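Subject: Structure handover

Hello,

I am passing on the structure below, followed by notes on what was found in it. Please read the notes with the structure open.

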Amino acid sequence: MKKGRLFVVSGPSGTGKCTIISRVMERLENVSLSISATTRAPRAGDVDGVDYYFLTEEEFINRADEGRFLEHACVHGYYYGTPLDPVTETVESGRDMILEIDVQGAMKVKEKYNEGVYIFILPPSMKVLRERLTGRGTDAPDVIERRMNNALGEIAYIDRYDYGVVNDDLDSAAEQVLDIIKAEHCRVLDGEADKIISEYGEEN
Ligand code: 5GP
């Protein structure tokens, strides 16, 4: 059976990557979204086991020591990690898996999983990013400044990604991510050519 593909999506906070991913998930059937573990406190509306697995620092460190994360990283002062087993099981079962993780995590996954597809969501400009972060009305000026600096640090990794999608319009950004997923399913992967050639060699 053909394995599923792993799609890793990163991008600075405020670029709308979460919304793009939910649009994409609505349009595709054979794909699951990885649920990360984190030590940050749940926000209003966050559901444990749906949005994240909320863990204490001790629980998180124990799981990391037991090798239960595909990757983990410290983001904005909290630990975040991708549980390993669901990723392996999903991909082995032929379903695609989407990970929405920061650049540090994405680079760690890339070391282990080069056949993954790495997508970076960009804001139209830094000016628009600032307007979006300010417009949310949820963050203090120093937090916005920190996020703007972090954004530049993350964008510096763009050359490590396979695709860059600019989110100036939500519908077209989601459409572009869908197109990438469809195109990647047509990619001839390493080691696949021999199988295809021998299949076509038998006329039946
Ligand atoms: P938030 O707490 O706002 O949901 O997420 C903060 C940041 O953590 C985002 O950039 C998000 O992509 C990243 N993140 C979420 N889950 C993971 C994960 O499992 N691993 C890593 N490395 N980053 C994550």
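This is a predicted model.

The strands concerned belong to an open sheet of five strands, in the order 2-7-1-8-9, and the pairing is parallel. At the edges are strand 2 (31–33) and strand 9 (163–166), each of which pairs on one side only. From one strand to the next, the twist averages 25 degrees.

Going through the pairings that were worked out in detail:

- Strand 2 pairs with strand 7 (residues 96–100) in the parallel sense, over three bridges.
- Strand 1 and strand 7 run parallel and are joined by four bridges.
- Strand 1 and strand 8 also run parallel, again with four bridges between them. In this pairing, V9 has I119 of strand 8 as its bridge partner.

Is strand 1 mostly covered or mostly open? Strand 1 is mostly covered, with five of its five residues buried. The burial applies to both faces: L6, V8 and S10 are buried on one side, and F7 and V9 are buried on the other.

Helices across the sheet

Helix 1 (residues 17–27) lies across strand 1 (6–10), strand 2, strand 7 and strand 8 (117–122), and runs at about 165 degrees to strand 7. Helix 3 (residues 84–92) lies across strand 1, strand 2 and strand 7, at about 150 degrees to strand 7.

A helix pair

Helix 5 (residues 126–135) packs with helix 6 (residues 141–155) at an angle of about 140 degrees, and their axes are 10 Å apart. Angles over 145 degrees would count as roughly antiparallel and 65 to 115 as roughly perpendicular; the angle here therefore makes helix 5 oblique to helix 6. The crossing of helix 5 past helix 6 is right-handed.

Which residues make the contact? From helix 5 they are M126, L129, R130, L133 and T134, and from helix 6 they are I144, E145, R147, M148, A151, L152 and I155. Sorted by class, this contact has eight nonpolar residues, one polar residue and three charged residues.

Regards

How values were computed
Residues numbered from 1 in each chain as written. Predicted model: local features only at pLDDT ≥ 70, side-chain atom pairs only at ≥ 80, totals over all residues. Heavy atoms only, no water. Axes fitted to C-alpha atoms, helices over the stretch in contact; angles between N-to-C directions. Helix = DSSP H or I, 4+ residues; strand = E, 2+ residues; numbered from the N terminus. Parallel < 35°, antiparallel > 145°, perpendicular 65-115°, else oblique. Left-handed = near helix turned anticlockwise from the far one by under 90°. Contact = heavy atoms within 4.5 Å. Nonpolar A, V, L, I, M, F, W, Y, C, P; charged D, E, K, R; others polar. Pairing = 2+ DSSP bridges. Buried < 20%, exposed > 50% of the residue type's maximum accessible area, 1.4 Å probe, protein only.
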